[in-house]
Amino acid sequence: MQNLLKKVLTVCLAVLLYSVQAIVPPAVTCQCPLGSTIVPPFNPSDVSFTIATRKSPQPVPLNANNLEIVENKPTKINIAGWLQLTTGPLSYFPNITREYLQKGDYNVILVHADKLMTMLEIESVQYVEPIVQTVAEMLISLRAENRLFFNNVHIIGQGLGAHIAGLVGLYIYRKMNEQIYRVTAVEVSKLGFESAPADKRVDKMDAKIVDIYHTAAGTLGLNMSLGTIDFWINGGNVPQPGCLAPQIFQEDLVSIGLCSFKMSIWYYVYTIRFVVLGEKCNSYANFKAGLCEQNERAYFGDESGTKYKGDFYLDLTCSNQKCVSNVKPLRKR
Ligand SMILES: *[C@@H]1O[C@H](CO)[C@@H](O)[C@H](O)[C@H]1NC(C)=O
Ligand SMILES: *[C@@H]1O[C@H](CO)[C@@H](O)[C@H](O)[C@H]1NC(C)=O
């Protein structure tokens, strides 16, 4: 009986959360000027770093006193967004770390700012700048010690973390006069950024490659092409396949409300191991109508490179750790 009650309550809350966060555009939020919510001052100890490598697959703390543990090699830096925990069973960090270490000999650096990312979203947004500075200064220190080269740096940010990732690139460019190699924005959060100028959000100038993945455009995500290359998955907006019914019975309310938004990171993690393609097109409608079938294909996700630019589309359905896409390799004539 108690269990049933719990299920019913879960479903009600889920529906409420989903409708508030995904269906109804968050109207209150973007109209109030940023800074109108008073937040505690930034405390540098609220942001910490860990690093995992093939030699030491369990992440260990990385700080100003032990930079020498970093060996100079391609480096993947992960920045989670609002409500994304960076440890524990619901976190994607262990998965992305595992996939990258299986794929190559990388430094996988994880940025932990959970305390700042689990406030109200409008509050978390106000910590973007100090987090950007903390992360960028860490990378600059590593560069100064020859522990990394900016041309080997790939920052992957999810949601609010995507803006942080891009702005770290911009910070380094402005201070060091060098572009980092790549910024990946796995969905781009909208709240507080709808009318932000390019130098206050993730943008194509932030790195040599800026690849963007849209799964909740217009609701939780920005509905704009922002990168050197943008991928629109299943049209780029809500609901993503699998984000309605089955999820409701998982008792993870947050993941229900944010399901489509978060689906982007599942897709991305999948592409570290498996090839997925996107098809260049000028709209989802034209893509669906088959009008772009002869257009170029670009690797979606981790393999995305400098070669292709513009908007790419694909339909992708994932279940049981397996994804199926409707974009096939282009046949040479
Ligand atoms: C991580 O991967 C495991 C096993 O592949 C999967 O069961 C789990 O749902 C994944 N978790 C996240 C948050 O991606
Ligand atoms: C996103 O923008 C496109 C083009 O401006 C528009 O057609 C579409 O309806 C928008 N989608 C959402 C979900 O807001």
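Colleague: Which residues surround ligand 2?

Modeller: A217, G218, N223 and N237. A residue counts as near a molecule or strand if its C-beta atom, placed from the backbone, lies within 6 Å of it. The model is predicted, with local features needing pLDDT of at least 70 and side-chain atom pairs pLDDT 80 or more, while totals for chains, interfaces and linings use all residues. Residues are numbered from 1 along each chain as written, and chains are lettered from A and ligands numbered from 1 in the order in which they are written.

Colleague: How does the shell around ligand 2 divide into nonpolar, polar and charged?

Modeller: One nonpolar, three polar, no charged. Ala, Val, Leu, Ile, Met, Phe, Trp, Tyr, Cys and Pro count as nonpolar; Asp, Glu, Lys and Arg as charged; the others, Gly among them, as polar. Ligand 1 has L90, Y92, N95, W266 and Q321 around it. That shell holds three nonpolar and two polar residues, with no charged ones.

Colleague: What makes V276 buried?

Modeller: Its count. Buried means 20 or more other C-beta atoms within 10 Å of a residue's own; 12 or fewer means exposed, and in between is partly exposed, with C-beta atoms placed from the backbone. V276 has 22 such neighbours, so it is buried.

Colleague: Where does V276 lie, and which residues is it in contact with?

Modeller: V276 sits in the loop between α10 and β9 (277–280). Contact requires C-beta atoms, placed from the backbone, within 7 Å. Beyond four places in sequence, V276 contacts T271, F300, G301, L314, L316, C323 and S325. N326 is 50 residues from V276 in sequence, with 9.5 Å between their C-alpha atoms.

Colleague: Why is α7 called largely enclosed?

Modeller: Because 13 of its 17 residues are buried. Helix α10 (residues 259–273) is mostly covered too, with 12 of 15 residues buried. These include F261, Y267 and Y270.

Colleague: What makes a set of residues a nonpolar core?

Modeller: Its members are buried Ala, Val, Leu, Ile, Met, Phe, Trp, Tyr and Cys residues joined through C-beta atoms within 7 Å. The largest one here has 89 residues; I164, A165, V168, A185 and L314 touch the most other members. Helix α7 (residues 160–176) gives the largest share, nine residues. V168 touches V132, V135, A136 and I155, leaving out residues up to four places away in sequence.

Colleague: Why is strand β8 called largely enclosed?

Modeller: Five of the five residues of β8 (residues 229–233) are buried, so the rest of the structure largely encloses it. I229, F231 and I233 cover one side, D230 and W232 the other.

Colleague: How many bridges join β8 to β7 and to β11?

Modeller: Strands pair when DSSP finds at least two bridges between them. Four join β7 (residues 207–214) to β8, and five join β8 to β11 (residues 310–314). β7 and β8 run parallel, and β8 pairs with β11 in the parallel sense. W232 is the bridge partner of H214 and stands opposite Y313 in β11.

Conventions
Helices (H or I, at least four residues) and strands (E, at least two) are DSSP runs, numbered from the N terminus. Two residues are in contact if their C-beta atoms, placed from the backbone, lie within 7 Å.
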